[in-house]
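Hi,

Here is the structure I promised to pass on. Have a look at it first, and my notes follow below.

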Amino acid sequence: MDKKIIYSGIQPTGLVTLGNYIGALSNWLKLQNDENYQCIYSIADLHSLTVRQVPSEFRNRAISFFAQYLACGLDPQKNIMYFQSHVHEHAELTWILNCFTYVGEASRMTQFKDKSQKHPDNINMGLMDYPVLMAADILLYNTSLVPIGVDQKQHLEIARDLAMRFNNTYSPTFNVPEPLISGVGAKIKSLQNPIAKMSKSDPNENATISILDSTDDIMRKFKRAVTDSDNEIRYGEDKPGISNLITIYASCKGIAIDAAVKELQGLSYAALKEMVGCSVVDMLAPVKARYDELIKDKEGLFKIAKEGQEQASSIARKTLRKVYKKVGLVQL
Ligand code: TYM
């Protein structure tokens with residue numbers, strides 16, 4: 001039986017955050033041991049170019065993100081891991097899919113609107129085209145499932161629409177992918193503004209935990225986390241700060257929200273923050289230790305990325321060829 005394809009990616013902008021870890025990476029780790037799936041993960045570096053990057057910093061950051069994939073425990077023997085820009089078919093399929101995407105639907109995307117507001121001086125075509133490139137990533141590999149956090153759900157919808165539109169215009173070509181969004185932790189919130197998501201590009205460094213933060217930094221950031229003025233540990237919409245801390249604790253411990261509330265109830269807010277901070281430190285300490293080793297060996301990282309590129313290319317090449325044929329491009 002052919003394995004089902006799982007595809008996902010992270011763009012190397014800012015930091016790999018606790019939100020990325022809980023919302024995406026921790027689920028990828030579980031999936032790699034399931035024999036029914038072949039998992040493919042890219043460093044979505046082309047996506048990052050929608051915002052201006054300093055080339056040398058960007059290059060180092062992309063390599064660091066790749067090392068962080070490995071440090072989290074993603075096994076290159078079980079997963080295909082590569083840099084998106086190393087497989088040129090992504091950009092090529094994007095062009096074809098662009099010709100099936102309406103300007104109206106692309107301009108309605110929430111992330112496009114948010115980013116246009118944040119960078120009014122650089123509302124470039126790439127920003128608008130971002131979901132189409134993401135659709136190309138997914139559709140190139142005949143993906144069945146896409147493990148993501150809630151914020152990427154709308155982009156997955158457009159990938160599904162494009163797959164169906166193409167299939168209906170020609171004949172079945174692409175799998176129509178489904179999102180895989182975890183129940184707990186699909187949207188980890190900022191520690192400073194618990195109504196907004198924890199974002200890797202947040203300029204307030206107390207709002208975000210990097211998976212490589214030191215123990216001291218993690219504990220300090222939790223100590224300063226915004227909560228509320230009563231003293232009740234309860235999960236609910238009216239208590240976003242406390243609910244976020246409970247969610248983080250439940251995710252780190254691998255338990256349900258109810259079980260976490262039971263464990264934490266009765267603590268003072270200071271003690272709650274301490275407990276949650278410790279649970280994060282325990283979860284991330286081995287990641288940081290592995291990262292410090294991995295990042296010293298660039299050659300080793302490049303070898304893994306090269307193998308990933310070859311494996312990914314051999315799948316992508318076949319899909320693109322099929323697509324080019326269906327749309328009527330000349331093939332020699
Ligand atoms: P990115 O890089 O913003 O985020 C990577 C993954 O982390 C999830 N995530 C979160 N989950 C929970 N709480 C949070 N606060 C949080 N912040 C981020 C995101 O939902 C995502 O799953 N466009 C994508 C990258 C991408 C991609 C793809 C994903 C490129 N090609 C193909 C899936 C399939 C992005 O910018 O994610």
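On the α4 side of the contact with α13, the residues are E89, E92, L93 and I96, and they meet A316, R317, L320, V323, Y324 and V327 in α13. Sorted by class, that contact has seven nonpolar, no polar and three charged residues. Keep in mind that this is a predicted model.

As for the geometry, α4 covers residues 89-98 and α13 covers residues 298-327, and the two helices pack at an angle of about 25° with their axes 10 Å apart. Angles under 35 degrees count as roughly parallel, so α4 and α13 are roughly parallel to each other. Their crossing is left-handed.

Now the sheet. You'll find five strands in an open sheet, ordered β3-β2-β1-β4-β5 and paired in parallel. The edges are taken by β3 (79-83) and β5 (178-180); each has a single partner strand, so one side of each has no neighbour in the sheet. From one strand to the next, the twist averages 25°.

Which strand does β3 pair with over five bridges? That would be β2 (residues 37-43), and the pairing is in the parallel sense.

Cheers

Key:
Residues numbered from 1 in each chain as written. Predicted model: local features only at pLDDT ≥ 70, side-chain atom pairs only at ≥ 80, totals over all residues. Heavy atoms only, no water. Axes fitted to C-alpha atoms, helices over the stretch in contact; angles between N-to-C directions. Helix = DSSP H or I, 4+ residues; strand = E, 2+ residues; numbered from the N terminus. Parallel < 35°, antiparallel > 145°, perpendicular 65-115°, else oblique. Left-handed = near helix turned anticlockwise from the far one by under 90°. Contact = heavy atoms within 4.5 Å. Nonpolar A, V, L, I, M, F, W, Y, C, P; charged D, E, K, R; others polar. Pairing = 2+ DSSP bridges.
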